[in-house]
Amino acid sequence: MGKDTGFLEYKRKNNGDVKESERIKNFEEFHTPLMTEERRQQAARCMNCGVPFCQSAMNLSGMVTGCPLHNLIPEWNDEVYKGHDQHAFARLHKTSNFPEFTGRVCPALCEKACMCGQYGDAVTVHDNELYLVETAYANGYIQPMVPEIRSGKKVAVIGSGPSGLAVADELNHRGHTVEVFEREDEIGGLLMYGIPNMKLDKSVIKRRRKLMEAEGVVFHTGVNVGVDSLNGESDGKKQKSSSSNSASNLLDSFDAVVLCCGAKKARPLPAADPDKIKGVHFAVDFLTQTTKALLKAADESVESLKKQGGYIDAAGKHVVIVGGGDTGNDCIGTVIRHGAKSVTALEMMPKPPVERLASNPWPEWPKTLKTDYGHEEAIFLFGEDPRVYETTVKSVTTDKKGNIKQIETVKVAFKDGKLVEVEGSKKTLKCDLLLIAAGFIGCEDYSADAFGLKKSPRGTVVTDAESFHVAGTKIFCAGDMHRGQSLVVWAIAEGRACAKEVDEYLMGYTNL
């Protein structure tokens, strides 16, 4: 696959980045694509592997490496190298519903398992994927595919994040009538309101919605199933109120109900309760407000955002972010664009090594230091990496009005499997805004309770073993609500697998 000697002739070349000094002035996507000939050279680096680990999704030492969607990566890399972009996209789309999402936000598990990465640099699979899907849109390869025959079966999907969208997409193409219910005013779940614009422009989600609607999927926004009656919006029009108990109404009205409500129950920070201390917020709430304001603003510039207002503003503030994952990094990039006076990111875990350790060999997921766009921007702006490792918040100090003013931190370490404080390690930091990005602990209770479902100790919905089906019901569950907090690519993979089970439940067999 690719060119026989491509990995020897061409060095890895990533998509470019707009300079930090320019990109922090707006919320626009900042990656710049390669020229087409350069992209073909990058695809040519794909080797004719005997066993392509890139598409394996193997679990090694408790971590997955390789693509959970089992994308046919060597096949479409070969087609890109040869200039057959339409054929390449057809092979990509066979296993991936939304490469425009994963091509932007996926951490590229495929690349971590690439054979070229064993002793050198992996193939640019992530960038190649994004090139393919955007080329497909630009050249009209992507057109509405409306089923010629409908099955007469109706499916309700609760939640329009990546898993819900994947379920809807698969079942609609199979010929079932699919309606998606979303509590927010826009579809996408955390794609829309948990990932900032500069990482995933919201026009990308709206483009996909338009396509799915043209194919027959019906979206109801502003419907919080388990709380509201069915009186939200569909295509901008108010729907007639149906039943005050929307969960039972859906079960009565549809042949199957699929819950894809996510795992948005935020992990609390004992020392700082957002309900009691002003200036303390959960990260997703903070990011959501910025995105909602941007959607109403004239453009994606910082100036337009400030004119719009109506969001948690970090301008001129000393910001502390608790949590070192992707969401924490997104918060760093966002507060910098707001105009924060300083930003510090606290991480309980030790600082990872720059290079792989001998105990973490290829093709395991590399436990190495990752410096993302937010960290790069903080280093550019403030002259140092914002991350402080093995540290957490011990206590919070407020002014007389209850506004946070400073925090006390403490070093922590793992001893005999337990997290303990390090004596004499307390420090005080200025803090006008504290953002909690410490992950999630499961689905929100009401979404499961509305359907009378049991939850596991991890806060996920209990289904049949190795299944997405809740025994004895017409209810299925997929995505983070089923597996726990995870990646977009896993949510899509779950949605596809769940749709196959739903189809078999409805029809007695499946060809998905």
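Helix H3 and helix H4 cross in a left-handed way, meaning that the near helix is turned anticlockwise from the far one by less than a right angle (right-handed if clockwise). Helices here are DSSP runs of H or I with at least four residues, numbered from the N terminus. The model is predicted, so local features need pLDDT of at least 70 and side-chain atom pairs count only at pLDDT 80 or more, while totals for chains, interfaces and linings use all residues. Residues are numbered from 1 along each chain as its sequence is written, and side-chain values use heavy atoms, with hydrogens and water left out.

H3 covers residues 36–44, and its axis lies 8 Å from that of H4, at an angle of about 140°. Axes are lines fitted to C-alpha atoms over the stretch in contact, and angles run from 0 to 180 degrees between N-to-C directions. H3 and H4 are therefore oblique to each other; angles under 35 degrees count as roughly parallel, over 145 as roughly antiparallel, 65 to 115 as roughly perpendicular and the rest as oblique. Where they meet, H3 supplies Arg39, Arg40, Ala43 and Ala44, and H4 supplies Asn77, Val80 and Tyr81. Contact means heavy atoms within 4.5 Å. This contact has four nonpolar, one polar and two charged residues.

H4 (residues 73–81) also packs against helix H8 (residues 125–138), at an angle of about 65° and with the axes 11 Å apart. That crossing, too, is left-handed. From H4 the contact uses Ile73, Trp76, Asn77 and Val80, and from H8 Val125, Asn128, Glu129, Tyr131 and Leu132.

The largest nonpolar core has 67 residues, and Val258 and Val502 have the most contacts inside it. Such a core is a set of buried Ala, Val, Leu, Ile, Met, Phe, Trp, Tyr and Cys residues joined through side-chain atoms within 4.5 Å. Helix H19 (residues 488–507) gives this core its largest share, nine residues. Beyond its neighbours within four places in sequence, valine 502 is in contact with Val155, Leu171, Ala256, Val258 and Phe476.

Not counting residues up to four places away in sequence, serine 163 touches Cys260, Ala478, Gly479, Ala491 and Gly495. Serine 163 and cysteine 260 are 97 residues apart along the chain, yet their C-alpha atoms are separated by 6.2 Å.

Conventions
Helix = DSSP H or I, 4+ residues; strand = E, 2+ residues; numbered from the N terminus. Buried < 20%, exposed > 50% of the residue type's maximum accessible area, 1.4 Å probe, protein only. Nonpolar A, V, L, I, M, F, W, Y, C, P; charged D, E, K, R; others polar.
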